[in-house]
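Here is a short note for a colleague opening this structure for the first time. Please keep the sequence and the 3D view at hand while reading the points below.

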Amino acid sequence: MAIDLSDEELRYNRQLDHKIVADAAAHGFPFRDGSADLVVSRAVVEHIRDNAAFFRNCARVLRPGGIMVHAFSGRFAPFALMNQLLPNRLTRRMIDYLHPEWHEEGNYGFVAFYDRCYFSAIKDLLDRNDFINVRFKFLYYQSIYFNFFYPLFMMMLAYDLIASMLGIRNLASGIIVTAETPVLGSSRLPRVRNSST
């Protein structure tokens with residue numbers, strides 16, 4: 001089962017039996033409370049306008065002991081900063097021109113808001129929604145966006161290496177977060193584990 005704001009995007013995915021067109025951050029998420037065992041997203045969180053509402057919805061629809069896994073781009077990665085500064089139409093044209101190999105995939109250049117898409121803000125959202133057993137994986141590899149010009153690629157690679165070595169989690173170019181809802185009757189003992197590559 002999948003939910004997306006775009007009917008067109010859902011139509012492209014032929015592997016799904018059940019498709020729901022809805023806003024994942026809207027009040028009144030189209031699922032019953034406690035009706036899901038697992039909520040998963042990849043490259044979605046950065047495109048949601050209100051992640052406080054989205055994470056609240058995830059917490060609400062998960063059963064006790066349910067698991068949530070999200071992988072998304074970080075707000076402060078250089079490519080994300082450029083994406084936030086430039087108009088979307090220009091961003092799409094630039095990606096199309098600078099990375100023609102991505103054109104076939106067709107899954108680039110969507111409007112991104114990067115709302116709270118950095119470690120400390122996501123951790124706060126998880127805490128506010130009582131998630132437990134939280135695990136973060138931080139990715140520091142965004143230089144591929146700049147491989148069209150070798151000196152710029154090397155500069156961005158150095159940036160990635162320095163941010164990674166210093167462990168600056170809010171500068172991670174990608175974040176994978178896994179969390180669980182508490183089982184009824186258990187004491188809330190949140191554990192946060194971090195790893196980076």
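**Cysteines, core and surface**

1. The sulfur of Cys58 lies 13 Å from the closest cysteine sulfur, that of Cys117, which is too far for a bond. Keep in mind that this is a predicted model. A disulfide would need the two sulfur atoms within 2.5 Å. The structure holds zero disulfides.

2. Are these two cysteines buried or exposed? Cys58 counts as buried because its relative accessibility is 0%. Cys117 has 0% relative accessibility too, so Cys117 is also buried.

3. The largest nonpolar core has 39 residues. Those with the most contacts inside this core are Phe54, Phe55, Met68, Leu126, Phe131 and Phe136. At least two core residues come from each of β3 (36-42), α2 (51-61), β4 (62-73), α3 (78-85), α5, β5 (132-139), α6 (150-166) and β6 (174-180). Which element gives the largest share? It is α2, with seven residues. In soluble globular proteins, nonpolar side chains tend to be buried together.

4. Phe54 deserves a look of its own. Leaving aside residues up to four places away in sequence, Phe54 touches Ala24, Ala25, Val45, Ile48 and His70.

5. Helix α5 spans residues 119-128. Which of its residues are buried? They are Phe119, Ala121, Ile122, Leu125 and Leu126. An α-helix has 3.6 residues a turn, so residues three or four places apart point the same way. In this helix, Ile122 and Leu126 are both buried, and Leu126 is also among the core residues with the most contacts. After α5 comes Asp130, with a positive phi near 60°.

6. Thr91 sits in helix α4, residues 88-98. Thr91 is buried because its relative accessibility is 8%, and the cut-off for buried is under 20%. Its contacts include Asn83 and Leu86, with residues up to four places away in sequence not counted.

7. Finally, the surface. Where is there a nonpolar patch? Leu38, Val40 and Ile67 make one of about 260 Å². Val40 belongs to strand β3. With a relative accessible area of 55%, Val40 is exposed.

Definitions and conventions:
Residues numbered from 1 in each chain as written. Predicted model: local features only at pLDDT ≥ 70, side-chain atom pairs only at ≥ 80, totals over all residues. Heavy atoms only, no water. Buried < 20%, exposed > 50% of the residue type's maximum accessible area, 1.4 Å probe, protein only. Helix = DSSP H or I, 4+ residues; strand = E, 2+ residues; numbered from the N terminus. Core = buried A, V, L, I, M, F, W, Y, C linked by side-chain atoms within 4.5 Å. Contact = heavy atoms within 4.5 Å. Patch = residues over 30% accessible without salt bridge, like charges linked within 9 Å, V, L, I, M, F, W, Y side chains within 5 Å. Areas by Shrake-Rupley, 256 points an atom, 1.4 Å probe, with all protein chains shown as cover. Salt bridge = Lys/Arg side-chain N within 4 Å of Asp/Glu carboxyl O.
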